[in-house]
Amino acid sequence: MALPTHFVNVNYEQERAKIDSFLTKFTVQVDRPETPRRGVSRTTHRFKYIEMLREIANRELDMLEIDLDDLEKFEESAELVSNIENNTRRYVSLFYEVADKLIPDSDAAPGNDSSPLEVLIYQRRQHDAARAQDIGDVAVDTSRTVSNAMFPPALTRRYSLYFKPRAKMSKGVSVRDIKADSVGKMIRVKGMVTRVSNVKPLATVVTYSCDNCGHEIFQEVVSQNVSPLAVCTSATCKTNNVKGALHMQTRACKFLKFQEVRLQELTEQVPIGHIPRSMSVYLTEEQTRCVSPGQIAYISGILMPIPFTGFRAMRAGLITDTYLEAHHIEQLKKQYSQIEGTDELRRGFDELASRPKVYQRLASSIAPEIYGHEDIKKALLLLLVGGVTKETGDGMKIRGDLNICLMGDPGVAKSQLLKYITKLAPRAVYTTGRGSSGVGLTASVMRDPVTEEMILEGGALVLADNGIACIDEFDKMDESDRTAIHEVMEQQTISISKAGITTTLNARASILAAANPQYGRYNPRMKPTDNINLPAALLSRFDLLFLLLDRPSIDDDLRLAQHVTFVHKALRQPALDSGIEPIEPSLLRYYVSLARAVDPIVPAEVGDYLVNAYVHMRSRADEMSDFQYTCARTLLSVMRLSTAVARLRFSPQVEVSDVDEALRLIEVSKSSLLDRQHTRPRDPTSAIFEIIKDMCTRGNGSLMREIPISSVRERVISKGFSEDNLQACISVYSDDDVWMTAGANNSRLRWLRIDDEDEDEDDAMADAADDEDL
């Protein structure tokens with residue numbers, strides 16, 4: 001039975017002619033500078049790809065990138081571009097064939113930076129040319145004829161060819177939307193890089209030498225699997241009917257730089273209830289080391305199939321896996337050091353710097369849809385700018401990144417601020433407390449599917465290196481997982497000792513956390529430490545801890561309601577009362593990138609002012625001992641905040657006004673608590689609650705599940721309180737769902753918010769108490 005055939009109406013000779021015409025005739029306009037005589041700039045044309053081929057011949061360029069938009073402009077019809085997008089791998093080889101013929105000859109001898117393969121090919125050409133001239137059987141173009149006869153094109157090629165997709169493919173698809181009909185075609189995928197392998201050599205041409213005839217055999221590697229040659233295939237061995245043994249010559253082989261990248265679809269691309277999908281991306285030569293874990297990028301390339309091997313092939317049958325052969329990489333959000341200013345951004349920066357109140361305008365541009373929180377937005381602006389990271393002579397580093405915690409009642413837009421910072425910062429990772437484990441935050445050990453080696457895969461804090469890690473629901477994290485952040489917040493490293501791997505990973509990230517009080521809302525009848533419920537060792541690592549309380553106020557509630565209603569109706573922020581117009585996020589990101597390049601120093605007089613301010617803060621430590629512990633880290637926090645304010649002014653020195661602004665932000669973060677403490681002093685109900693809590697606290701810090709009310713009554717009355725005060729306390733905290741009365745005749749108090757481990761420990765005690773009551 002004959003197999004069905006299909007005729008493809010493509011003449012590849014005509015395609016080669018079109019490619020040759022495009023590479024040799026395509027020109028771009030270039031504006032020449034003004035001349036003193038004419039005073040007018042002139043427009044000339046230059047041959048774009050001919051100049052690139054000339055630079056490749058002179059070893060000044062290693063990559064030839066073909067822009068498909070240029071090809072579409074050159075061709076009257078988009079037929080050739082469409083053929084390239086639908087059969088990309090075939091047209092890569094066609095462009096290679098045409099470009100190899102157009103590259104001019106270079107007789108220059110290899111330099112010190114040349115590869116051993118170039119030196120070997122150059123010496124072989126010289127030897128063969130001299131031998132051919134002695135024999136007298138060579139034409140004029142000796143070097144090119146000998147090289148074409150002796151070496152395959154893939155061995156002598158000193159450049160890589162890539163396609164840049166058209167602009168209309170700017171909207172990348174997700175990994176989930178890639179279908180089977182895309183195999184072999186050029187696609188553009190948008191996702192986040194989660195894992196990057198080491199750069200390894202990839203063999204493209206394997207060279208053998210025969211021990212019998214002395215010929216060299218070249219084997220091109222065109223697939224993922226290759227079988228090494230064992231018998232010589234030269235004409236001499238075939239004529240003599242000899243099976244000459246082949247030996248691999250590693251120095252004459254051609255290797256390319258190879259790197260595998262794991263690309264995962266973004267959170268907004270994943271349907272509800274599904275797991276994010278990922279795919280493998282192969283990078284070669286100049287594209288390696290272009291991306292790092294945590295970056296969001298558009299990657300264009302050829303979707304290629306790869307068959308399974310080994311036992312997986314027996315189980316999979318005809319099913320194959322796929323990978324993306326990368327051709328063009330575009331980072332969605334570049335790092336601050338990689339941001340290039342356009343003319344529009346430079347004009348916007350000059351206009352912004354010339355106006356007054358730049359600090360207030362920049363802060364108001366952060367989440368303008370959210371009403372109020374001016375001081376918090378200023379703190380977030382300083383978080384983006386950061387302080388100066390310093391290193392002492394003995395190698396000890398002092399971090400310059402800021403850590404901020406937003407704690408307060410529900411509905412004060414804590415999560416929305418975190419989400420906005422995640423979108424604004426060039427490198428940021430958003431995670432939640434309950435959805436993150438200690439391994440997910442730091443690093444996990446897994447096996448590399450390519451090399452079968454044990455590797456470390458970085459977690460959220462490693463992915464946020466040189467960026468911001470936003471952690472929502474910080475109070476919901478388990479204590480064992482929260483301890484993994486302690487080292488990151490101060491030393492900015494992650495020490496790993498797992499599966500025989502002992503190393504230290506960089507986690508130079510700023511931590512922006514949002515948390516709720518222990519009982520959901522802030523309880524003014526309890527101490528601040530009981531409401532915050534975070535250890536002092538963790539609180540001291542935060543440079544700023546904002547306590548946001550939702551207090552009813554007619555004027556503030558009216559303005560807030562009008563603001564929210566306008567945003568929902570117009571889908572934009574209303575005009576600010578101060579008349580300040582917010583700036584675009586791109587301009588804000590550009591301003592921050594320039595500000596981060598400034599490294600202010602602290603003069604001697606400002607240093608003395610800092611010392612006196614810190615001593616004064618330590619003397620007032622008793623006033624706020626229940627809220628935040630004042631230690632030497634507080635002094636470092638003031639210095640980091642002062643340096644960040646000086647960076648915003650592009651000042652080479654820190655001034656006293658910068659220190660005052662840093663001290664003001666620290667005081668403002670506690671102002672809501674101080675106002676509540678002044679307006680509502682502690683009453684007998686709060687004092688009785690503290691007595692009951694102390695009675696229920698064990699030596700290890702956990703709470704007992706239940707306690708007899710009779711024991712509580714004896715202790716409370718002995719402290720000078722009445723029975724009415726006790727009953728009022730029990731009633732108030734029962735309404736707040738803190739405890740409830742249980743047992744016969746409501747004779748015991750039972751805590752409602754208690755861990756399961758404490759509940760298991762109290763089962764036996766509760767049974768014994770029931771027997772006593774009976």
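**Before you start**

You are looking at a predicted model, in which local features need pLDDT of at least 70 and side-chain atom pairs count only at pLDDT 80 or more, while totals for chains, interfaces and linings use all residues. Residues are numbered from 1 along each chain as its sequence is written, and side-chain values use heavy atoms, with hydrogens and water left out.

**The whole protein**

Begin with everything shown as a cartoon. The protein has 31 helices and 26 strands; these are DSSP runs numbered from the N terminus, helices being H or I with at least four residues and strands E with at least two. Of its 774 residues, 43% are buried, where buried means under 20% relative accessible area, exposed over 50% and partly exposed in between, with a 1.4 Å probe and protein chains only. Among contacts (heavy atoms within 4.5 Å) between residues at least 6 apart in sequence, 70% join residues at least 24 apart.

**The five-stranded sheet**

Select residues 404-408, which are strand S15. S15 belongs to an open sheet of five strands with parallel pairing, in the order S16-S19-S22-S15-S23; two strands pair if DSSP finds at least two bridges between them. Strands S16 (428-432) and S23 (544-548) stand at the edges with a single partner strand each, so one side of each has no neighbour in the sheet. On average, neighbouring strands here are turned by 15° against each other, direction ignored.

Five bridges join S15 to S23, and the two run parallel. Look for leucine 406, which stands opposite phenylalanine 546 in S23.

Next, bring in helix H13, residues 374-385. H13 lies across S15, S19 (468-472), S22 (510-515) and S23, running at about 155° to S23. Such angles run from 0 to 180 degrees between N-to-C directions, with axes fitted to C-alpha atoms, for helices over the stretch in contact.

**The largest core**

Show side chains for Leu362, Ile366, Leu382, Leu384, Ile468 and Leu512. These have the most contacts inside the largest nonpolar core, which has 59 residues. A nonpolar core is a set of buried Ala, Val, Leu, Ile, Met, Phe, Trp, Tyr and Cys residues joined through side-chain atoms within 4.5 Å. H13 gives the most to this core, with eight residues. Centre on leucine 512: not counting residues up to four places away in sequence, its contacts include Leu380, Leu383, Ile404, Leu418 and Ile468. Apart from this core lies another, of 34 residues, among them Val429, Leu461, Ala469 and Tyr522.

Pick alanine 367, in the loop between helix H12 (358-364) and H13. Alanine 367 has a positive phi of about 50° although it is not a glycine, and it is buried, with a relative accessible area of 1%.

Then move to alanine 413, in the loop between S15 and helix H14 (414-424). Alanine 413 counts as partly exposed, at 23% relative accessibility. Draw a C-alpha to C-alpha distance from alanine 413 to tyrosine 371: they are 9.0 Å apart in space and 42 residues apart in sequence.

**A hairpin**

Select 493-498 and 501-506, strands S20 and S21, which pair in the antiparallel sense over six bridges. Isoleucine 494 has leucine 505 of S21 as its bridge partner. Two residues lie between the strands of this hairpin, and alanine 499 in the turn has a positive phi of about 50°.

**A helix pair**

Go on to helices H23 (604-619) and H24 (632-648), whose axes come within 10 Å and cross at roughly 135°. H23 is therefore oblique to H24; angles under 35 degrees count as roughly parallel, over 145 as roughly antiparallel, 65 to 115 as roughly perpendicular and the rest as oblique. Leu610, Tyr614 and Met617 of H23 make the contact with Ala632, Thr634, Leu635, Val638 and Met639 of H24.

**The three-stranded sheet**

Finish with an open sheet of three strands, ordered S24-S26-S25 with antiparallel pairing. Neighbouring strands of this sheet are turned by 25° against each other on average, direction ignored. Three bridges join S24 to S26 (748-751), and isoleucine 707 has leucine 749 in S26 as its bridge partner.
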